[in-house]
Amino acid sequence: MKKEALFYETIDNYVNCKLCPHRCNHLTEGQKGICKVREVHKDSDGSLKLYSLNYGEVTSLAMDPIEKKPLYNFYPGTYILSIGSFGCNFRCSFCQNYSISQEITPSKYISPDEMANISLNLENNLGLAFTYNEPSIWYEYVYDVCRKIKSLNKNHKTVLVTNGYICEEPLRKLLPYVDALNIDLKGNDEYYKTLCFGALKEVENSIRIANEFGCHIEVTTLLIPNENTDDITLKELGEFLSSINKDITLHLSRYFPRYKMDSPSTPLDDIKHAYKFLSKYLNNIYLGNLSNEELRYCLED
C-alpha cells in the first residue's frame with residue numbers, strides 16, 4: 001500500500017527525505033531513495049509528496065523463539081510473532097536476507113489494526129518483532145502498529161531488530177512505543193562505508209538514545225575475517241559499549257559466505273580471540289552461528 005511518508009520536506013520541485021542519515025535529497029517525481037521503498041509522486045494539486053511503498057506490506061510472518069532475534073536476556077524462553085516487509089537503507093555485501101532487503105518481493109497487505117489484533121490474540125505470544133528486513137524504512141507502519149498495540153495492551157511487547165541507521169527525530173518519536181531492540185554494530189567507520197554504505201557514528205547515536213529511553217538493548221556483531229576482527233576494531237567496539245553499560249548484551253556471530261561476499265567463513269580462533277578480548281570490557285557476551293562443539297572450543301581457556 002502506498003502511504004504518504006513522515007519526515008520529509010518539499011522545496012520547489014524536489015523532495016528531501018529526513019528519515020535516515022542518508023538524507024536522500026533533490027528527489028524529483030518518480031525517484032526513490034536509497035532504500036527503494038520511499039518514492040516521490042505528484043499529488044492531484046500538483047505538489048510533490050514522498051510516499052512509503054511498503055506500508056503494511058508483509059513478506060514474512062512467523063512465531064520465533066525470542067532468542068532467535070537474538071534477544072537472550074529479554075523474557076528468555078518465550079515466543080514472539082515476527083514480521084518483515086521489503087527494502088533496506090544499507091547495501092551489506094554479506095546480507096543474510098538479501099531476497100527481501102534488496103528487492104521488492106511479493107507481499108500481503110495487513111492493516112495496523114489487524115496486525116495488532118493478530119499479535120494480541122495469539123496464545124503464548126510475548127509480542128511483535130519487526131525483523132527480517134530493516135524496520136526503520138518501514139517506519140510509518142511500524143509506528144502505527146506499535147502505537148496501536150500499546151493503546152490496547154501496554155504489556156504486549158514490541159521489538160525492533162535493526163541496523164540502527166535512523167535519524168534522531170524519528171527514532172525519538174518511535175521509542176516510547178518500543179520495549180526492546182537488537183541493534184547491529186558492524187565494525188569501524190571504514191567498514192560501514194565500504195561494506196554497508198553507512199556510517200558508524202549514526203548507529204552509535206541510536207544505541208545511546210535507545211539506552212536513554214530505558215529500552216532493553218542487545219547488540220549483534222557479525223565477525224568477518226580481515227574486516228572487523230582486528231584488535232583495534234574490537235577495542236573501539238568494547239570501549240563504546242562499555243561506556244553505555246558494561247552489562248549490555250553482545251552477540252558475536254560467525255560469518256558464512258552469503259550474497260555478494262565469498263570470503264571463507266570466520267576461523268574459530270578469530271571468534272575465540274574476539275570473545276576473550278571483549279570480555280575485558282563487557283560482562284554478557286554470547287557466541288552464535290556455531291555448533292555445540294565449536295562453541296565449546298571458542299569458550300575454553
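Guide: Contact here means heavy atoms within 4.5 Å. The model is predicted.

Visitor: Then which residues is Arg38 in contact with, leaving aside its neighbours within four places in sequence?

Guide: Ala5, Leu6, Phe7, Cys17, Leu19, Gln31, Lys32, Gly33, Leu50, Tyr51, Ser52 and Glu140.

Visitor: Is Arg38 buried or exposed?

Guide: Arg38 has a relative accessible area of 2%. Buried means under 20%, so Arg38 counts as buried. Arg38 sits in strand E4, residues 38-42.

Visitor: What does the side chain of Arg38 make a polar contact with?

Guide: The side chain of Glu140, at 3.0 Å.

Visitor: New topic. How many residues has the largest nonpolar core?

Guide: That core has 80 residues. Phe94, Phe130, Leu185, Leu241 and Leu250 have the most contacts inside it. Helix H3, residues 139-152, gives the most to this core, with seven residues.

Visitor: Where does this core lie relative to domain 1 and domain 2?

Guide: Between them, because domain 1 (3-52) and domain 2 (57-299) both give residues to this core.

Visitor: What about another core?

Guide: Another core, of nine residues, lies apart from the largest one. Leu71, Phe74, Ile80 and Ala180 are among its residues.

Visitor: Back to H3. Which unit do E10, H3 and E11 make?

Guide: A right-handed β-α-β unit. E10 and strand E11 (residues 157-162) pair in the parallel sense over four bridges. There, Ala129 has Val159 in E11 as its bridge partner.

Visitor: And how do E8 and E10 pair?

Guide: In the parallel sense, over three bridges. E8 spans residues 79-84 and E10 spans residues 127-130. Ser82 has Ala129 in E10 as its bridge partner.

Technical notes. Residues are numbered from 1 along each chain as its sequence is written. This is a predicted model: local features need pLDDT of at least 70, side-chain atom pairs count only at pLDDT 80 or more; totals for chains, interfaces and linings use all residues. Side-chain values use heavy atoms; hydrogens and water are left out. Helices (H or I, at least four residues) and strands (E, at least two) are DSSP runs, numbered from the N terminus. Buried means under 20% relative accessible area, exposed over 50%, partly exposed in between (1.4 Å probe, protein chains only). A polar contact is a pair of N or O atoms within 3.5 Å; within protein, one must be able to donate a hydrogen and the other to accept it, and residues adjacent in sequence count only if both atoms are side-chain atoms. A nonpolar core is a set of buried Ala, Val, Leu, Ile, Met, Phe, Trp, Tyr and Cys residues joined through side-chain atoms within 4.5 Å. Domain bounds come from an automatic or database domain assignment. Two strands pair if DSSP finds at least two bridges between them. A crossover is right-handed if, with the strands pointing away from the viewer, the path from the first strand over the helix to the second runs clockwise.
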